[in-house]
Amino acid sequence: MSRVVAIINEHMRGNKKDLAKLPVGPLKKGQDEKMLQNLGETVKRLRKCAHISQEQIAETLSLHQTAVCRVELGLQSLQPWHLQKLAELYDIRVTSLLSGQINYWQVAQRFNQPPPFPPRYLELAFSKVRELLPLLQFMAAQKGQAYTRRLLEELSLDLVYLRGPDQPMGVNCTLDLLRRSVKTGTLTDRTLKNLVDETRSESVQGFLHSLYQTQSSAMSLVKSLILNAHHYESNFVYTMDDDKGQDGIVLTVKPAEHMKFLPYKDETLGDILCRYKREYLTQFPLYIGAKPMRLEETECHFHGAAQCVYKIRAA
Amino acid sequence: MALPDEEKLTAEDFYTRLRRTVPKIRECIEVDHSSFLEMLGMSAARYAEVAFRKSEYSTVEISSLADALSVDIDLLFQGKLDYRALAQQFRRNFSAVPERYADESQWLGRARAAQTIYSHLHISKGEAYARSYFRRFQLRPEAFSEATSYVHPLIAIDLMKDLSSEPLYDEARLRSMGTMNLAMLPAVVREKLEALKTPDVLYPYMFEEHLPKQYDRMFQYKLDRLTDSRCRIVVSTTEFTQNTFAGRNIDNRESCLFRQGVFSSFLGLIGSRFAQINEHSCVHCGGASCSFDVAWN
């Protein structure tokens, strides 16, 4: 037994070479290795979120700590009774434990621990995870899933913690991801349109999707978008006026009060947020198969003005 | 032998229950032994081992059975499966519902609410999650494919109650979920409503024409204090509902919030922002009736 512990301890320190030497019996016929792997990862994540040790888990389940370690490594399964006990411990469902569909933020909260998110991304939480979705989909489409996962790892983020689209988070998270994509040349003038394309989907727009689908013209759609922008993020304030005589609208976009604490127009980002919003508004009618809007910018906050002012008309 | 309460359940009690549940499932779905073993992913020898208490079912075996039957593993673990519904659903009668929702004389709700909840979960968490959520109640989304068909009101009540215990499902979110009801309106109704242009025309029409015909049969909705910027909606149970359910609770706070969302969403039909809801009183918060203001300016 001590040899097993030694090898596992070594593995925990990062030396994975000896893992193959573990005295593991063959998996029973019918056992699914992927399921074991996923269950192990879930058990480990839950434990880390709740800040409890393997010893404590072992005690709860009446198992040896080595067994818990093997479970976390995906080398050993848990029996139904153990799943039941773990589900009780974390106050989740057994189904969630097996599927990995867990809200880790809630688990952390139950154990009076901070959410499993870098503290920097919890400050000024006026954004929602939903805001990140198009950016993540865009990066996966441009550079692949592996690249996106690696990038998130570099920012101490994990996709499993980004499952709740309406989970509030700080805008720093979006800004950091934007900065990375600009710096690496993923987001350029040419690819900005692709990023915007990712925003027009059910998964990104959530419950507003049904509202947008019922709009009969490009102008009413864009008006709905502006009126409901606060459901999406609260970092900018949108004010809309009719542009009399022009059959369009005048939209004013002002940074919210808390934005003065954030570097959203630094050297790397420049006026990317403004260009993104312009493209987003212009292309939004494609949501219902209508022609893009015409947009003229009369003032730009990113070039010295207090706000951005856009005149928007149907094409 | 009666099993102890869930909290005092020992490993032995748990496995005793599981050993009772599994054969009962086989009995109710009426499949031959070898097919059942295949569902469990077990050999005959291994099955005998468990039957003679020399071993216990493994997680993989129970998961395999739950997957094959599309049942919720928690219901299986807790021995709370409705075997009649399970047998019917296994025979591909997906509209079969558990006993709790089966009394047709009580089907006064519309399937649209369950449809809306399903769509909401599908959009925000994916199809697999939405289906597994319905499985918690041994329900299949296919049972709610006709928005206007009548179903037991407890279905929506149960679905919403459980959601409210999940993180982020605060009052605002439950109202937001109600606004999705808009997308479920039949095209004919939507066209009629879109032609009404202004809220002060739309809301009276909704209450006089639309709701009595298109909405549930449990509540009566009264439009009060209509001005050019707001109106008050008062919701109360009908006498028929009170007689049918004989004092049994068929509404909850979550449904009330959902309903507020539904009423605020109508403005979306005429190209406006969803109306703002100012709750006046709610039966579930100690009020005499459920009433709320819908404001559009």
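A nonpolar core is a set of buried Ala, Val, Leu, Ile, Met, Phe, Trp, Tyr and Cys residues joined through C-beta atoms within 7 Å. I took a residue as buried if 20 or more other C-beta atoms lie within 10 Å of its own, exposed if 12 or fewer do, and partly exposed in between, with C-beta atoms placed from the backbone.

**Basis.** I worked from a predicted model, in which local features need pLDDT of at least 70 and side-chain atom pairs count only at pLDDT 80 or more, while totals for chains, interfaces and linings use all residues. Residues are numbered from 1 along each chain as its sequence is written, and chains are lettered from A and ligands numbered from 1 in the order in which they are written.

**Core.** I looked up the largest nonpolar core and found 131 residues in it. Those with the most contacts inside this core are Leu135(A), Val222(A), Ala114(B), Ile117(B) and Ile155(B). The element that gives the most to the core is α7(B), with six residues. I then followed Ile117(B): leaving aside residues up to four places away in sequence, Ile117(B) touches Leu159(B), Met160(B) and Met177(B). Contact requires C-beta atoms, placed from the backbone, within 7 Å.

**Chain B overall.** I noted 14 helices and six strands in chain B; helices (H or I, at least four residues) and strands (E, at least two) are DSSP runs numbered from the N terminus. Of the 297 residues in chain B, 40% are buried. The C-alpha atoms of chain B fill a box of roughly 75 × 40 × 35 Å along the principal axes. Among contacts in chain B with a separation of 6 or more, 63% join residues 24 or more positions apart.

**Interface.** I found 35 residues of chain B in contact with 39 residues of chain A. On the chain B side, the elements giving two or more residues are α1 (11-29), α4 (59-69), α5 (73-78), α7 (111-125), α8 (127-135) and α10 (171-179). That side divides into 18 nonpolar, eleven polar and six charged residues. Here Ala, Val, Leu, Ile, Met, Phe, Trp, Tyr, Cys and Pro count as nonpolar, Asp, Glu, Lys and Arg as charged, and the others, Gly among them, as polar.

**Sheet in chain B.** I traced an open antiparallel sheet of four strands in the order β3-β4-β6-β5; strands pair if DSSP finds at least two bridges between them. β3 (219-224) and β5 (276-281) of chain B each have a single partner strand, so one side of each is left without a neighbour in the sheet. The twist averages 25° from one strand to the next. Helix α12 (residues 199-214) of chain B packs on the sheet, touching β3 and β4 (230-237), and its direction makes about 155° with that of β3(B). Axes are lines fitted to C-alpha atoms, for helices over the stretch in contact, and angles run from 0 to 180 degrees between N-to-C directions. Five bridges join β5(B) to the antiparallel β6 (residues 290-295) of chain B, where Val294(B) is the bridge partner of Ile277(B).

**Strand β6 of chain A.** Six bridges join the antiparallel β4 (residues 248-255) of chain A to β6(A), with Val253(A) partnered by Cys308(A).

**His82(A).** I located His82(A) in helix α5 (residues 80-90) of chain A. Why is His82(A) classed as buried? His82(A) is buried because 22 other C-beta atoms lie within 10 Å.

Terms used:
Contact = placed C-beta atoms within 7 Å.
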